[in-house]
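Grab a pencil and work through these exercises with the structure open beside you. Try each task yourself before reading its solution.

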Amino acid sequence: MEIQSNFSLKKYNTFGIEANAKQFVAVHSVTELKTILSANQNEKKFILGGGSNMLLTKDIDALVIHIDLKGKRIIKEDDDFVWVESQAGEVWHDFVLWTIDNNFGGLENMSLIPGNVGTTPVQNIGAYGTEIKDTFVSCEAMNIATQEMKTFDNTECNFGYRESIFKNEVKDQYIITSVIFKLTKRNHKINTSYGDILAELAKNNISEPTLKDVSNAVIAIRQSKLPDPKELGNSGSFFKNPVISKSEFEKIHQKFPEMKFYEVSETEVKVPAGWLIEQSGFKGKRFGDAGVHKNQALVLVNYGNATGQEILTVSKEVQKAVFAIFGIQIEAEVNVI
């Protein structure tokens with residue numbers, strides 16, 4: 001392991017923002033991680049996964065530890081289910097494709113989400129009607145201060161919409177090193193009810209979809225709406241879809257009857273943030289090298305040389321406009337650093 005100084009993070013964040021780390025090291029095993037943490041007890045530390053859910057607005061005045069643990073394996077299985085473990089540094093989409101190739105069901109609706117496996121429980125990532133919490137069994141995590149390992153099961157993680165214990169009660173205290181999922185081997189619960197999946201399947205004359213069919217449909221939809229970070233810097237959905245009370249929604253809905261929505265519970269409604277942003281006139285708008293994507297208003301993009309501060313400014317203008325028009329606060333899903 002080599003600790004490098006004044007290290008460029010441009011290739012380590014999907015926005016492609018030019019920012020430097022005071023020090024940088026990549027770790028490839030739990031042992032290496034323990035060694036680095038114990039040898040740098042008094043150093044400020046910044047834990048870096050796939051770099052897909054962050055906006056760097058400044059240089060990182062800390063030791064950046066890049067979690068690059070690789071490997072996946074079947075832990076146990078029975079006739080109906082399989083328990084698979086992935087190390088934190090595995091690319092999420094590659095892991096999803098591996099489960100589908102093995103006919104393991106449960107993750108197919110989350111195909112092509114950027115990032116690494118280790119950060120998926122932090123955000124409780126989700127797409128097209130499924131979330132991590134639906135298949136998550138447990139994760140192993142290292143205490144940054146003591147280097148002790150702890151297992152967090154599904155209940156302990158306190159999963160919510162893009163929320164978990166790792167964003168709240170134990171924020172910045174643990175590093176996830178591996179995750180276990182329980183997936184189906186047969187009688188798969190094919191979920192095609194959300195978004196444009198059914199329309200995409202119908203386009204291809206598929207009436208009884210397989211896991212692979214659903215995954216391919218999700219990939220096609222995402223590719224039609226979302227830019228590839230390798231070609232255009234972005235972090236996927238920048239904003240969360242706001243969840244508001246039904247009473248609040250009804251008042252706004254009277255004024256904007258065309259507003260789209262999804263019922264979350266008897267008392268709450270989720271409103272698509274992308275629709276709110278588009279109606280506010282920001283879809284496809286560009287401010288220098290920072291802007292809002294032309295196909296998906298939820299996505300902020302770096303056209304080349306935007307700074308993190310410039311993208312942050314655009315995000316604040318979007319939030320301000322949505323609130324002024326609809327009276328709805330939209331929150332950033334991306335971590336602003």
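**Exercise 1.** Is Ser-237 buried, partly exposed or exposed?

*Solution.* Start with the cut-offs: buried means under 20% relative accessible area, exposed means over 50%, and partly exposed is in between (1.4 Å probe, protein chains only). Ser-237 has a relative accessible area of 27%, so it's partly exposed. By the way, this is a predicted model, where local features need pLDDT of at least 70 and side-chain atom pairs count only at pLDDT 80 or more, while totals for chains, interfaces and linings use all residues. Residues are numbered from 1 along each chain as its sequence is written, and side-chain values use heavy atoms, with hydrogens and water left out.

**Exercise 2.** Where does Ser-237 sit, and which residues is it in contact with, leaving aside its neighbours within four places in sequence?

*Solution.* First, find the loop between strand E13 (233-234) and strand E14 (243-245): that's where Ser-237 lies. Helices (H or I, at least four residues) and strands (E, at least two) are DSSP runs, numbered from the N terminus. Next, look for contacts, meaning heavy atoms within 4.5 Å. Skipping neighbours within four places in sequence, Ser-237 touches Leu-298, Val-299, Glu-333 and Val-334.

**Exercise 3.** Which residues does UniProt list under "active site"?

*Solution.* The unreviewed UniProt entry puts this feature at Arg-162, Ser-237 and Glu-333. They're spread over 172 residues of sequence, yet they cluster in space, with a largest C-alpha distance of 11.6 Å. A caution: UniProt positions are given in the numbering used here, feature names are shortened, and annotations may be inferred rather than shown by experiment.

**Exercise 4.** Is Glu-333 buried or exposed?

*Solution.* Locate Glu-333 in the loop between helix H8 (308-326) and strand E20 (335-336). Its relative accessible area is 13%, so Glu-333 is buried. Now check its contacts, again ignoring neighbours within four places in sequence: among them are Arg-162 and Ser-237.

**Exercise 5.** What span is expected for H8 at 1.5 Å a residue?

*Solution.* The expected span is 1.5 Å times one less than the number of residues. H8 has 19 residues, which gives an expected 27 Å, and it reaches 27 Å from its first C-alpha to its last. Its buried residues include Gly-308, Ile-311 and Phe-326. Just after H8, Gly-327 takes a positive phi of about 70°.

**Exercise 6.** How far apart are Leu-211 and Glu-108, C-alpha to C-alpha?

*Solution.* In sequence they're 103 residues apart, but in space it's 6.2 Å. Leu-211 belongs to helix H5, and at 3% relative accessibility it counts as buried.
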